[in-house]
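Dear colleague,

I am passing on a structure for you to look over before we discuss it.

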Amino acid sequence: MSIRLKLIVGCLGLTMVVFGLGLFARSSQQQIGTIATRIYDEALLSLSYLRSAQNSLVKLEADLRDRLDANATLKTAPRLQQDDPKQSAEIRLDDILGDLKVAADRAISPAGGQKVEEIRNRILHLRADRFVSTPAFLQTLKVIDNELDTAVEIFAGDGYRFRREVGDLIERADRQSQIALAGGVGGALIISVLLSTLIIPPVRRAVGIATAIASGKLDNEIRPSGGGETSQLLTALATMQTSIRELMAAQAASFGSQIALQNTRFDAALNNMSQGLCLIDAEGRLIIRNRRFEEMFCGGDDAPAAEAVLQDERYAALFDTGDRSGAIHALADGRRIAVSSEAVPGGGWVVTLEDFTERHRAEARLTHMTQHDLLTGLPNRRQFRERVAQALLRRRGGRNVAMLSINLDGFKAVNDLLGQPAGDALLQSVSARLLDLAGKGEFVARIGGDEFGIVKNLRLDERPDALAEGVLAALSQPFDLHGVPATVGASIGIALADELADGEAAVETLLKNADLALERAKSEGRSTYRFFEPEMDAQLQMRRKLELDLRGATDRGELELFYQPFVDVETQTITGFEALLRWTHPELGNVSPAEFIPVAEASGLIHAIGHWALLTACQEAATWPDDLVVSVNLSPVQFKNRALVHEVVDALAAAGLPAARLHLEVTESLFLQDGETVAAMLEAFREHGVGVSMDDFGTGYSSLGYLSRFPFDKIKIDQSFVRAVDQRDNHAIIRAVIGLGRAMDIAVIAEGVETAEQLAILQAAGCKEVQGYYFSRPRPSGEVAAAIRQFGTLHGRRTGGARSPHDRLAPAARLAAG
């Protein structure tokens with residue numbers, strides 16, 4: 001029989017034992033349940049009904065006795081059928097009979113049931129006798145009551161006997177359970193012993209034989225018997241023992257050839273190592289070496305023989321005795337050798353040597369790359385910061401440290417027009433000129449993009465602006481970019497360490513101060529230098545404060561739109577209003593748009609603020625007369641939002657304002673971004689019916705080019721031309737712009753009109769629409785309606801009549817004052 005079959009039979013036997021115990025337990029539970037039911041039904045319930053009948057009888061007896069006493073007072077002895085309570089007695093007797101019927105049905109013994117039936121018959125007889133007197137009736141009830149006591153005693157005796165029977169039954173069930181449990185445990189033990197006897201000894205014998213074979217004993221006596229798995233296992237062990245014995249005999253026969261083969265393989269591995277290896281005995285003699293060892297030390301004309309390498313003074317330090325790991329030696333020929341040696345049991349050392357020269361050079365190149373700019377070869381920003389920190393540490397005797405932050409003017413134009421190769425060549429040429437200019441104690445670096453930095457330890461009599469002037473002069477000379485001449489300039493910010501302490505914080509401060517000075521140089525015309533001044537930092541802090549405060553200005557209601565009218569000088573009527581953003585700061589008061597708009601653009605807040613301004617302007621313009629337009633300025637930054645067109649359309653829909661009554665003003669700096677994308681967005685505005693105006697026309701370099709790329713609805717002559725309109729050149733420009741607009745069918749408006757003389761010159765030049773303080777300052781939205789009414793009243797919208805230009809100008813001035 002197989003082990004598997006034995007286990008299955010044993011498990012089935014155990015299962016049958018458990019199943020038998022379960023059936024027995026279930027039978028015992030059913031018997032106990034039956035006993036419990038009988039106790040309730042036959043003992044408790046029957047006795048309860050018997051007691052109920054007796055109690056009802058006693059109560060009936062008491063009631064009749066009370067009535068008998070009452071009749072005795074009248075000295076009468078009427079019969080029962082003559083009494084009023086006859087019907088009540090019959091009803092009670094019926095209840096007693098019902099209780100006795102239940103008690104008789106559930107009686108435990110026949111004697112108890114027979115006794116109850118006798119009582120019921122007596123009550124039935126009494127109930128049928130309609131002429132019995134009350135005393136006789138009471139007497140009969142008394143007898144019945146006594147018989148009920150006897151029945152109760154019989155029922156109680158029956159209950160006691162039933163209790164003894166139940167106890168005997170439970171005791172028998174307990175004995176039977178113990179016997180069944182003992183039998184089940186015994187059966188399980190017998191099955192377990194049988195399984196152990198049938199399975200464990202053969203398996204233990206097989207394990208012992210396998211252990212002996214594993215330990216090298218190959219003469220074990222193996223006698224398989226039977227046909228089960230243990231017999232098969234013993235047969236397999238016998239076969240394995242025979243095979244191992246034969247294999248070891250064959251290996252012993254070819255051991256010599258195997259040793260030779262292993263030596264050949266060892267030599268091949270040794271000679272193909274990338275490291276040199278040698279074995280030195282306890283007397284310092286070279287015992288073993290590989291091919292790489294000879295290549296490292298025995299090649300060349302003046303190289304020693306392999307046996308003499310250890311005595312060569314050039315290499316003596318490599319073979320010092322002792323345990324070392326990873327020590328690197330620099331040899332006189334420039335090589336770097338990593339040495340690792342380890343003692344050998346019995347004396348001597350194994351030394352491995354690796355030529356680290358190329359790796360060292362690669363690491364040096366990598367270190368140089370992490371600290372230098374790949375294009376120009378100059379130190380990068382990281383190394384520049386380290387050099388600044390070193391310069392601060394080396395200050396002695398009141399000497400100062402100067403940092404120059406240099407930014408090229410016009411680099412982007414060169415890169416865009418001539419291509420990136422030309423831009424790279426320009427940066428390399430700039431680097432060469434700065435290196436030529438730098439003297440002792442000056443460190444030049446490329447900080448990033450077209451920005452360079454110089455740090456210098458100043459002598460006591462040395463001025464940093466002399467170095468800055470030299471840089472400006474050197475970089476202002478033309479550059480030859482692959483045969484194409486190019487000229488750029490430079491803006492320079494200068495910061496002095498002065499009383500700054502050493503450390504990382506001082507480096508950060510110096511870099512920041514130089515950048516602030518550079519920004520000042522850019523803003524003041526470029527191609528110049530500026531020193532850092534403390535108020536620059538104060539301006540930076542103020543800029544940061546403005547950015548923080550501007551973030552919640554819309555929600556706090558601090559932002560407001562003011563409106564300045566557009567005036568048709570021929571009809572002297574208002575044609576629309578320009579929406580101008582105003583900010584009333586809770587601490588600073590009115591903040592100029594020239595201050596907070598750049599902050600909003602740089603921080604990205606312009607998107608949310610611009611959306612609010614657009615929606616507010618549309619909602620407020622919807623309350624004006626239908627012939628008035630509202631003009632809203634858009635920042636170039638807002639055009640980076642691809643959803644801008646949808647925002648404009650949604651704002652018009654939300655306000656219920658026709659698209660023709662909205663004009664959007666943009667500046668030509670917008671086209672310095674992705675021109676094609678910007679033109680597509682402007683065209684989308686036109687397709688939705690929104691007008692587009694070019695603001696500050698004439699102040700840039702490519703205004704005419706942008707007019708040819710996109711047909712604007714209106715161009716605004718910049719106020720810088722209007723203020724100096726009496727100058728010949730400006731007058732000519734204004735006339736040219738007006739003529740250009742007339743030729744291209746584009747409306748022209750002049751902004752910044754402040755005097756009657758300016759207005760008269762513009763009218764003479766053909767300008768039909770103007771805007772400026774001469775007519776009205778920007779007004780809050782609450783004053784727009786009044787301004788419209790006042791302007792209309794002053795200019796004859798209601799009174800009519802022709803007026804001369806002079807007559808029309810004076811009321812306009814009064815409106816501006818109002």
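For the helix pairs below, axes are lines fitted to C-alpha atoms over the stretch in contact, and angles run from 0 to 180 degrees between N-to-C directions. Please bear in mind throughout that this is a predicted model.

On that basis, helix α16 (residues 606-621) packs against helix α17 (residues 644-655) at an angle of about 35 degrees, the two axes being 8 Å apart, and the crossing of α16 past α17 is right-handed. The contact brings H611, L614, L615, C618 and Q619 of α16 together with residues of α17 that include E647, V648 and A651; by class, it has eight nonpolar, two polar and one charged residues.

The other pair is α3 (residues 110-128) and α4 (residues 134-214), whose axes lie 9 Å apart at an angle of about 165 degrees. Because angles over 145 degrees count as roughly antiparallel, α3 and α4 are roughly antiparallel to each other, and α3 passes α4 in a left-handed crossing. Among the residues making this contact are V116, I119 and I123 of α3 and L141, I144 and L148 of α4, and the contact divides into 13 nonpolar, three polar and four charged residues.

The largest share of the lining, five residues, is given by β14, while α16 is one of the elements that give two or more. By class, the lining has 16 nonpolar, 12 polar and nine charged residues.

With best wishes

Key: Residues are numbered from 1 along each chain as its sequence is written. This is a predicted model: local features need pLDDT of at least 70, side-chain atom pairs count only at pLDDT 80 or more; totals for chains, interfaces and linings use all residues. Side-chain values use heavy atoms; hydrogens and water are left out. Helices (H or I, at least four residues) and strands (E, at least two) are DSSP runs, numbered from the N terminus. Angles under 35 degrees count as roughly parallel, over 145 as roughly antiparallel, 65 to 115 as roughly perpendicular and the rest as oblique. A crossing is left-handed if the near helix is turned anticlockwise from the far one by less than a right angle, and right-handed if clockwise. Contact means heavy atoms within 4.5 Å. Ala, Val, Leu, Ile, Met, Phe, Trp, Tyr, Cys and Pro count as nonpolar, Asp, Glu, Lys and Arg as charged, and the others, Gly among them, as polar.
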